[in-house]
Amino acid sequence: MTNAQKWLAAFLGLFIVLFLLGRITNNKNEASVNENKYAEKTMQSNEQKDGLQLIQENGCTACHGQNLEGSNIAPALVNIKKYWDRDNLINYLRNPSSFSNDRLKQYRLKYKNIIMPSFNNLDIKDLGKIADYLMTR
Ligand code: HEC
């Protein structure tokens, strides 16, 4: 090999290494872009969900009935706007046991083996949508 050939070989080698490195980091970027897209999608779909959908997805209907008409383990969720304003209703959903009045006490006697779960794990926006929906019924 002449000196010139050695240099050429060295440059070629370097070029290949750089090329491969570029590919690897590029792939990583693509992966994180995909992750972002996925996050955006799931966030969007949550944004688009309405109160009724959230109620169905979070299992409210399992106790309160398919159409929230009530069942033998939980009261009907109709006409409750008589008793609640939006803020109180959201707070109730986050921590039902912190609320008490004659009506709730009667429910607790009637459905004494069932506890209304607290939904403070839900996003506050979602709780708002649920409350808004319940106030329309
Ligand atoms: C495990 C059964 C169960 C599930 C699941 C459940 N609830 Fe309840 N819910 C009850 C019971 C029992 C009561 C009676 C009152 C109490 O215990 O505080 C109640 C009471 C309520 C009340 C008060 C009703 C009134 O007349 O003021 C609201 C509002 C309510 N639930 C909404 C919901 C929503 C919204 C969900 C879903 C995010 C849900 N519940 C899920 C059992 C359940």
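1. Shell around the ligand. In this predicted model, the ligand is surrounded by 24 residues, and C60, C63, H64, R103 and M116 are the closest. The shell divides into 20 nonpolar residues, two polar and two charged. In this division Ala, Val, Leu, Ile, Met, Phe, Trp, Tyr, Cys and Pro count as nonpolar, Asp, Glu, Lys and Arg as charged, and the others, Gly among them, as polar.

2. A polar contact is a pair of N or O atoms within 3.5 Å. The side chain of H64 has a polar atom 2.8 Å from a ligand nitrogen atom. For Y92, a polar side-chain atom lies 2.7 Å from an oxygen atom of the ligand. An N or O atom in the side chain of R103 is 2.5 Å from a ligand oxygen atom.

3. Elements that form the shell. Two or more shell residues come from each of α3 (60–64), α4 (86–94), α5 (102–110) and α6 (124–135). α5 gives the most, with four residues. Helices here are DSSP runs (H or I, at least four residues) and strands are runs of E (at least two), numbered from the N terminus.

4. A pocket is an open set of points on a 1 Å grid over the protein atoms alone, where a 1.4 Å probe fits, with protein on both sides within 12 Å along at least five of seven lines. The space in the largest pocket is about 570 Å³, taken as the space filled by probe spheres set on the points.

5. Pocket lining. The largest pocket has 32 lining residues, with H64, P75, L77, Y92 and M116 nearest its centre; a lining residue has an atom within 4 Å of a point. By class the lining comprises 27 nonpolar, three polar and two charged residues. α3, α4, α5 and α6 each supply at least two lining residues, and the largest share, four residues, comes from α5.

6. Overall fold. The protein has six helices and zero strands. Of its 137 residues, 23% are buried (under 20% relative accessible area, 1.4 Å probe, protein chains only).

7. Basis of the values. Residues are numbered from 1 along each chain as its sequence is written, and side-chain values use heavy atoms, without hydrogens or water. Local features need pLDDT of at least 70 and side-chain atom pairs count only at pLDDT 80 or more, whereas totals for chains, interfaces and linings use all residues.

Note on methods
A residue is near a molecule or strand if one of its heavy atoms lies within 4 Å of it. A polar contact is a pair of N or O atoms within 3.5 Å; within protein, one must be able to donate a hydrogen and the other to accept it, and residues adjacent in sequence count only if both atoms are side-chain atoms. Buried means under 20% relative accessible area, exposed over 50%, partly exposed in between (1.4 Å probe, protein chains only).
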